[in-house]
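Please open the model in your viewer and keep the sequence panel beside it.

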Amino acid sequence: MTAPNTTLLSDDMQLVLASASPRRLELLAQIGVTPSKVVPADIDETPRSGELPRLYGERMALEKAAAVAPQYPTALVLAADTVVACGRRILPKAEDEATARACLALLSGRRHRVITGISLILPHDSAGGKQLTKSVTSTVAFKRLSTADIDAYIASGEWHGKAGGYAVQGFAATFVRFLSGSYSGVVGLPLFEVGGWLNTHLKAPS
């Protein structure tokens, strides 16, 4: 028996995920999708001077998909990029403790936006390599974080490699007093939008 809202893939359809994120694999699994291949894209992720967060997220998703697609011309290639933004400011991915602490201090007691850009390149043999790109924006508000809150989160290690220095699906969920938008988008892949694309382009004939 097939679960409701499951994305069905026919045997001859291939999906390549251009991402190293295990969270995105887990999110796809929630809608019954297992990529044929996972091929992380190696691109320059430096924001351009004055680039707005939404445009940056969309550009990153588009460039990641475009970097991988030439290797798999008969497959669909899906990529995403998640951006944490305070106003026009793009917060970095925290690769060290000092960066994570700075991000958490900035987010403490205030609202911010989480923007996930998504991009899907269609097979060259079916749609001429057409590329679909968009972004989904959610609003998240943190409680005011104490020094003990930040110290405990740093000790957890969950911040490493995360945009804005946190992962909403982990211990940082205790910081979130308000979230409006796509929870899965904040985690890393907006399933409503991605599921719609995949149901259109990957679903097996009934």
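How many aromatic pairs does the structure hold? The structure holds five of them, where rings of Phe, Tyr and Trp (the six-membered ring of Trp) pair if their centres lie within 6.5 Å, with planes under 30 degrees apart counted as stacked, over 60 as edge-to-face and the rest as tilted. Before selecting any of them, note that this is a predicted model, in which local features need pLDDT of at least 70 and side-chain atom pairs count only at pLDDT 80 or more, while totals for chains, interfaces and linings use all residues. Residues are numbered from 1 along each chain as its sequence is written, and side-chain values use heavy atoms, with hydrogens and water left out.

**The whole chain**

Colour the model by secondary structure to begin. The protein has seven helices and seven strands, taken as DSSP runs numbered from the N terminus (helices are H or I with at least four residues, strands are E with at least two). Read from the N terminus, the order of elements is β-α-β-α-β-β-α-β-α-β-α-β-α-α. Of the 206 residues, 47% are buried, where buried means under 20% relative accessible area, exposed means over 50% and partly exposed lies in between (1.4 Å probe, protein chains only). Among contacts with a separation of 6 or more, 69% join residues 24 or more positions apart, a contact being heavy atoms within 4.5 Å.

**The aromatic cluster**

Select Phe142, Tyr153, Tyr166, Phe171 and Phe175 together, which form one aromatic cluster. Within this selection, the ring centres of Tyr153 and Phe175 are 5.6 Å apart and their planes stand at 65°, so this pair is edge-to-face. Because Tyr153 belongs to helix H5 (residues 147–156) and Phe175 to the loop between H5 and S7, the pair ties together parts that are 22 residues apart in sequence. Moving on to Phe171 and Phe175, you will find another edge-to-face pair, with 5.9 Å from centre to centre and 80° between the planes. Is Phe171 buried or partly exposed? Phe171 is partly exposed, with a relative accessible area of 38%, whereas Phe175 is buried at 1%.

Next select Arg177, which lies in strand S7 and counts as exposed because its relative accessibility is 54%. Leaving aside neighbours within four places in sequence, Arg177 is in contact with Ala141, Phe142 and Lys143. The C-alpha atoms of Arg177 and Lys143 are 5.9 Å apart, although the two residues are 34 residues apart in sequence.

Then step to Ser182, in the loop between strand S7 (176–180) and helix H6 (183–187). Ser182 counts as buried because its relative accessibility is 14%. A polar atom of the Ser182 side chain lies 2.8 Å from the backbone nitrogen of Gly185. Not counting residues up to four places away in sequence, Ser182 touches Val136, Ser138 and Pro190.

**Helices H1 and H7**

Two packed helices are described by the angle between their axes and the distance between the axes. Select H1 (residues 22–30) and H7 (residues 191–201), which pack at an angle of about 65° with their axes 11 Å apart; the axes are lines fitted to C-alpha atoms, for helices over the stretch in contact, and angles run from 0 to 180 degrees between N-to-C directions. On the H1 side the contact is made by Leu27, Leu28 and Gln30, and on the H7 side by Leu191, Val194 and Leu198. By class, this contact of H1 with H7 has five nonpolar residues, one polar and no charged.

Finally, select two loop residues. Ala75 sits in the loop between helix H2 (53–68) and strand S3 (76–86), and with a relative accessibility of 2% it counts as buried. Apart from neighbours within four places in sequence, Ala75 is in contact with Gln14, Val16, Ile121, Leu122 and Pro123.

Gly161 is in the loop between H5 and S7 and counts as partly exposed, at 28% relative accessibility. Not counting residues up to four places away in sequence, Gly161 touches Lys93, Ala94 and Glu95.

Notes:
Nonpolar A, V, L, I, M, F, W, Y, C, P; charged D, E, K, R; others polar. Polar contact = N/O pair within 3.5 Å; in protein donor to acceptor, adjacent residues only side chain to side chain.
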